[in-house]
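Q: I have a protein model open and would like to learn how to read it. Could you take me through it step by step?

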Amino acid sequence: MNIDYKLLMDNAKDASQNSYSPFSRFAVGAAVLASSGKIYKGCNVENSSFGMTICAERCAIFKAVSEGEREILAVAIYSPNSDSCYPCGACRQVMFEFQKDDEEVVVITENLGSLEVKPLSYFLPCGFRI
Ligand code: THU
């Protein structure tokens, strides 16, 4: 599938506006392109019990999977509070779970205004799968 990186990043930026991050004040938005062609948006949602916080990437992926998606093609990540916001280790592993067998998930970030596009294996070599 032809992936519109800018469109995905625009969706991630849009999602970051809904971030609930009163504790860290670090807003994050993510947008996931699923194999159906649909885009799912997510933001980080924090909690007074800090460990209950969910990252934007997992929020978006779980929204996609809960709507019936099983394969993701790309994830864009954006924070208005950081030059380039890379996915945390937990989110990398969750992306790997829903990576198609014959296609690598593409991870899109923005660094000083330009898009960085990298395969998931750059962030997570040798991901775990049963
Ligand atoms: N966060 C994300 O949403 N995604 C990332 O990739 C890194 C961290 C959130 C979690 C928490 O709400 C805040 O950023 C600070 O860690």
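Q: Which residue of β3 does Val 32 stand opposite?
A: Happy to start there! Strands of a sheet pair through backbone hydrogen bonds, either parallel or antiparallel. Here, Val 32 stands opposite Val 75. Before we go on, this is a predicted model, in which local features need pLDDT of at least 70 and side-chain atom pairs count only at pLDDT 80 or more, while totals for chains, interfaces and linings use all residues. Residues are numbered from 1 along each chain as its sequence is written, and side-chain values use heavy atoms, with hydrogens and water left out.

Q: In which sense do β1 and β3 pair?
A: Strands are DSSP runs of E with at least two residues, helices are runs of H or I with at least four, and both are numbered from the N terminus. Two strands pair if DSSP finds at least two bridges between them. Strand β1 (residues 29-34) and β3 are antiparallel, with six bridges.

Q: What about β3 and β4: how many bridges join them?
A: Three bridges join these two strands, and they run parallel. Val 75 has Val 107 as its bridge partner in β4, and Ala 76 is partnered by Ile 108.

Q: In what order do the strands lie in the sheet?
A: The order is β2-β1-β3-β4-β5, an open sheet of five strands with mixed pairing. At the edges are β2 (39-43) and β5 (114-119), each pairing on one side only.

Q: Why is β3 largely enclosed by the rest of the structure?
A: Buried means under 20% relative accessible area, exposed means over 50%, and partly exposed is in between (1.4 Å probe, protein chains only). Seven of the seven residues of β3 are buried, so this strand is largely enclosed.

Q: Which residues are buried in helix α3?
A: An α-helix has 3.6 residues a turn, so residues three or four places apart point the same way. In α3 (residues 89-97), the buried ones are Cys 91, Arg 92, Val 94, Met 95 and Phe 96. They pack against α2 (56-66), β3 (72-78), β4 (106-111) and α4 (120-123), where contact means heavy atoms within 4.5 Å.
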